[in-house]
Amino acid sequence: MTNNNDQHHKEIFQLERIALFSDAVFAIAITLLIIEVKIPVLPYSSAEFSKEFPHAMNEMIPEFIGFLISFMVIGNYWRSHHSTFYFIKDYDNKLLRLNTFFLLTIVIMPFTTAFMSRYMFFQPFFIYCLNVIASGLLQIRMWRYVTGDKNTLHTPLPRGIKSYKTTTSIIAIGCFCIAIIIHKLPIFPGNLGGFIARMFLASIFIIDIFTHRYYRKKYNLGNKY
């Protein structure tokens with residue numbers, strides 16, 4: 001009996017290590033986002049500072065837009081990752097691999113965000129979108145593996161939770177795919193298509209709110225998920 005209890009405590013400890021390591025990666029990635037927003041170099045002269053300050057802040061707008069979008073994206077991925085581990089009671093090597101590859105896409109995001117922000121209307125936007133799409137696909141793969149019928153890694157699942165978490169990931173992937181299409185549409189003059197594509201990304205968070213309300217009402221899901 002004692003050996004069984006010791007083994008159970010070891011498994012819980014190992015799961016906590018996985019979750020804590022993952023949380024640390026999310027925390028570092030989300031912190032690096034603001035570090036990539038560089039302070040502009042301005043003159044010390046009061047008159048020249050006042051003259052250059054509006055121009056410098058205007059040039060920083062793309063960086064702040066990129067920061068806010070990625071902050072919300074990483075935050076949503078962390079929230080989903082957190083609720084995934086809420087249902088995990090055991091782990092195996094495949095889960096560790098999937099989690100590691102998923103975290104790889106998260107830790108790359110500060111770089112692709114900074115790259116996209118600096119060259120806002122060019123190819124780096126596609127690299128950034130592909131980064132986010134890869135995160136979503138790996139998140140779906142990990143969720144489906146954890147909740148699959150062929151393993152016993154998860155605790156009993158509330159009704160509707162599998163559909164809810166898969167749907168939210170698909171919505172994020174779909175929105176970034178649509179943003180890529182909008183960015184390349186030839187019907188918009190100049191950089192208008194790129195601007196609309198970035199503004200469209202804000203719809204992810206609005207859709208996510210309504211999706212959560214729909215599933216919470218339909219399946220009586222709690223606020224933990």
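Rings of Phe, Tyr and Trp pair if their centres lie within 6.5 Å. The exercises below use a predicted model.

**Exercise 1. Classify the ring pair Phe-111 and Phe-115.**

Solution. 
- Start with the total: the whole structure holds 11 aromatic pairs.
- Take the geometry. The Phe-111 and Phe-115 ring centres are 5.8 Å apart, with planes at 25°.
- Apply the cut-off: planes under 30 degrees apart count as stacked. The pair is therefore stacked.
- Place the residues. Both lie in helix 3, four residues apart, about one turn of the helix.
- Check accessibility. Phe-111 is exposed at 54% relative accessible area, and Phe-115 is partly exposed at 29%.

**Exercise 2. Classify the ring pair Tyr-164 and Tyr-215, and locate both residues.**

Solution. 
- The ring centres of Tyr-164 and Tyr-215 lie 5.4 Å apart and the planes meet at 50°, so this pair is tilted.
- Tyr-164 sits in helix 5 and Tyr-215 in helix 7.
- Widen the view: ring pairs join Tyr-164, Tyr-214, Tyr-215 and Tyr-219 into a cluster.

**Exercise 3. Describe the surroundings of Asn-131.**

Solution. 
- Locate Asn-131: helix 4, residues 124-146.
- Its relative accessible area is 7%. Buried means under 20%, so Asn-131 is buried.
- List the contacts beyond four places in sequence: Asn-131 touches Thr-105, Ile-108, Met-109 and Thr-112.
- Look for a polar contact. The side chains of Asn-131 and Thr-112 make one of 2.8 Å.

Terms used: Residues are numbered from 1 along each chain as its sequence is written. This is a predicted model: local features need pLDDT of at least 70, side-chain atom pairs count only at pLDDT 80 or more; totals for chains, interfaces and linings use all residues. Side-chain values use heavy atoms; hydrogens and water are left out. Helices (H or I, at least four residues) and strands (E, at least two) are DSSP runs, numbered from the N terminus. Buried means under 20% relative accessible area, exposed over 50%, partly exposed in between (1.4 Å probe, protein chains only). A polar contact is a pair of N or O atoms within 3.5 Å; within protein, one must be able to donate a hydrogen and the other to accept it, and residues adjacent in sequence count only if both atoms are side-chain atoms. Contact means heavy atoms within 4.5 Å. Rings of Phe, Tyr and Trp (its six-membered ring) pair if their centres lie within 6.5 Å; planes under 30 degrees apart count as stacked, over 60 as edge-to-face and the rest as tilted.
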